[in-house]
Structure formats: structure tokens, C-alpha cells
Amino acid sequence: MTTILHCLSAYPDPIAPETQASALLLGLTSETLTHHVFSFKRAGWRGDITAVSFDDAAGTDHRAMVYGTPPKGLKLASTMAALADWIIADAEARGIKPDLVHGHKISMDGLVAERVAAHFNVPFLLTIQANTDTRIIKTRRDLRDSYSRLWQDAAVVFPFAPNAQDAVAALLGARQGPVEILPCPTGADTIIAPTPRAPGAAPVILTAFHLAHYGNKNINTLLQAVALA
């Protein structure tokens with residue numbers, strides 16, 4: 001069994017539902033993997049780190065953590081270090097010995113994962129989210145060196161889409177280690193057989209798109225392609 005410790009700032013837990021992407025990702029992995037999830041979310045300006053235990057399809061006795069810190073990432077580096085130290089102490093108290101540490105977003109979770117992995121002397125991997133990661137990396141020039149180190153030192157990087165890889169590489173430089181595009185899983189993905197249309201029937205173009213963040217989802221090009229088709 002391979003034990004993976006996950007440091008996740010966007011995971012559905014008892015504190016907040018979040019999107020299902022990271023949970024579905026864990027659920028689709030091999031049964032030879034044991035998952036320990038540490039899900040953390042900000043709750044106001046102040047407050048120590050507190051946590052509750054929860055179970056889900058990926059495993060049992062995960063941790064849903066809340067922490068207090070000023071908004072706008074004013075204490076981002078020190079806050080992520082404190083979260084990492086809490087995770088280390090909790091994992092050691094429970095006898096968790098990870099073989100690998102996973103950070104969901106390089107700009108936040110990656111800072112936690114790197115520190116946890118260094119403590120346990122194991123490699124860490126990163127999944128990359130285009131919107132959040134590129135926005136924070138662009139803004140936090142004071143942490144650019146840290147992000148560059150994470151980008152290069154991760155054992156493997158899994159962007160959810162090619163544009164995520166391109167956007168981060170444009171900011172941090174070409175990565176020397178392996179990069180694997182990992183399409184974001186959804187609960188509705190089903191492969192269905194094509195339906196033939198009657199002879200002479202007009203073509204039909206169908207797309208499923210919730211229109212959130214349409215400005216950077218290339219909606220204009222999609223509409224032009226539909227018009228041309």
C-alpha cells in the first residue's frame with residue numbers, strides 16, 4: 001500500500017462543500033493507495049487552527065481544518081507554514097507515515113505540501129489550477145522564488161488543462177521535471193455512443209458550459225467555431 005497525504009484548500013468537507021474535482025480525483029485512484037486528507041479553509045481574521053474528523057469515499061478519519069488569518073493573503077507564507085506544522089503534528093500523533101505528499105494548488109497548498117514532505121523526507125506532487133494559481137502567482141511577486149522552487153522541485157506536476165501548464169510556465173519558466181496533463185474529473189462524465197441523424201438532417205452542435213469565468217474560457221473562439229461549423 002502507498003500512503004498519500006493530501007494538503008487541500010478546495011476539498012468538500014463538513015465545513016464547506018466546495019467543488020468535487022479533488023474528491024473525484026481521489027476516488028478514481030487505485031485501491032492500492034491509502035489517502036489521508038487534510039482539508040483547510042480560512043474562517044475570518046483571527047483564530048487558532050481547529051479541526052474535525054470526517055469520512056468519505058476516499059477514506060476515513062480525514063481532517064477538516066479551519067484557521068484564522070487576515071484577508072488578501074497578507075500572511076500567506078506564515079499561515080501556510082503554521083498549517084503544515086499542524087498537519088505534521090497530527091499525522092505523527094496518529095502514526096501516519098506518508099510515502100508521498102500532494103498539494104492541490106501550487107500557490108497555497110504547494111507551500112504546505114513542500115514543508116510537510118520535507119519533514120517526512122518524501123517527494124511531493126502538485127496539481128495545478130489555472131485560474132487561482134496564475135492569479136496568485138502574478139500578484140505575489142514576493143513569493144515568486146518560492147513558487148519557482150515548488151514548480152521545479154515537485155516530483156510530478158499534474159495541470160488539469162494545457163492552459164494551466166502554459167500559464168504557470170510563462171510566469172515561472174519551463175519546468176525540467178515531468179508534467180502530465182490530468183483532465184479534471186466530473187461526476188457526470190459518461191461515454192455514450194454517437195446517435196446517427198436522419199439523411200439530409202441539419203447538423204446539430206451541442207456543448208455543455210456553465211458560463212462561469214466565461215471571459216478566460218475562450219467563449220469568443222467557441223462561438224466563432226460554432227458559427228463557422
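Me: Is Asp61 buried, partly exposed or exposed?

Reply: Start with the scale. Buried means under 20% relative accessible area, exposed means over 50%, and partly exposed lies in between, with a 1.4 Å probe and protein chains only. Asp61 has a relative accessible area of 31%, so the residue is partly exposed. A caution on the source: this is a predicted model, where local features need pLDDT of at least 70, side-chain atom pairs count only at pLDDT 80 or more, and totals for chains, interfaces and linings use all residues. Residues are numbered from 1 along each chain as its sequence is written, and side-chain values use heavy atoms, with hydrogens and water left out.

Me: Where does Asp61 sit, and what is its phi?

Reply: The general idea comes first. Most residues other than glycine have a negative phi. Asp61 is not a glycine, yet its phi is positive, about 60°. Asp61 belongs to strand E4, residues 59-67. Helices (H or I, at least four residues) and strands (E, at least two) are DSSP runs, numbered from the N terminus.

Me: What is the phi of Asn121, and where is that residue found?

Reply: Asn121 is not a glycine either, and its phi is positive at about 55°. Asn121 is in the loop between H3 and E6. With a relative accessible area of 69%, Asn121 is exposed.

Me: Let me step back. How many helices and strands does the protein chain have?

Reply: Count 7 helices and 7 strands. From the N terminus on, their order is β-α-β-β-β-α-β-α-β-α-α-β-α-α. The C-alpha trace spans about 70 × 40 × 35 Å along its principal axes. Of the 229 residues, 40% count as buried.

Me: What share of the contacts join residues at least 24 apart in sequence?

Reply: Contact means heavy atoms within 4.5 Å. Take contacts between residues at least 6 apart in sequence: 64% of these join residues at least 24 apart.

Me: Show me strand E1. Which side chains form polar contacts with His6?

Reply: A polar contact is a pair of N or O atoms within 3.5 Å; within protein, one must be able to donate a hydrogen and the other to accept it, and residues adjacent in sequence count only if both atoms are side-chain atoms. His6 lies in E1, residues 2-8. Its side chain has a polar contact of 2.8 Å with the side chain of His35. Another, of 2.8 Å, joins the side chains of His6 and His102. His6 counts as buried because its relative accessibility is 4%. Leaving aside neighbours within four places in sequence, the contacts of His6 are Leu26, His35, His36, Val37, Phe38 and His102.

Me: What does Thr3 touch?

Reply: Thr3 is also placed in E1. Its relative accessible area is 15%, so Thr3 is buried. Not counting residues up to four places away in sequence, Thr3 touches Thr34, His36, Ile96, Lys97, Pro98, Asp99 and Leu100.

Me: Now helix packing. At what angle do H3 and H5 pack?

Reply: Two packed helices are described by the angle between their axes and the distance between the axes. Axes are lines fitted to C-alpha atoms, for helices over the stretch in contact, and angles run from 0 to 180 degrees between N-to-C directions. Here H3 (residues 109-120) and H5 (residues 144-153) pack at about 65°, with axes 10 Å apart. Gly110, Leu111 and Glu114 of H3 meet Ser146, Tyr147, Arg149 and Leu150 of H5.

Me: Which residues of H5 are buried?

Reply: They are Arg144, Ser146, Tyr147, Leu150 and Trp151. Seen down the axis of H5, these buried residues fall within an arc of 160° (taken over the directions from the helix axis to the C-beta atoms), so they line one face of the helix. They pack against helix H2 (76-93), H3, strand E6 (124-128), helix H4 (130-139), strand E7 (156-159) and helix H6 (162-172).

Me: What does Leu143 touch?

Reply: Leu143 is in the loop between H4 and H5. Its relative accessible area is 8%, so Leu143 is buried. Residues up to four places away in sequence aside, Leu143 touches Leu76 and Ala77. Leu143 and Ala77 are 66 residues apart in sequence, and their C-alpha atoms are 8.0 Å apart.

Me: And which residues is Lys138 in contact with?

Reply: Lys138 is in helix H4. Beyond neighbours within four places in sequence, its contacts are Arg144 and Leu171. Lys138 and Leu171 are 33 residues apart along the chain, with 7.4 Å between their C-alpha atoms.
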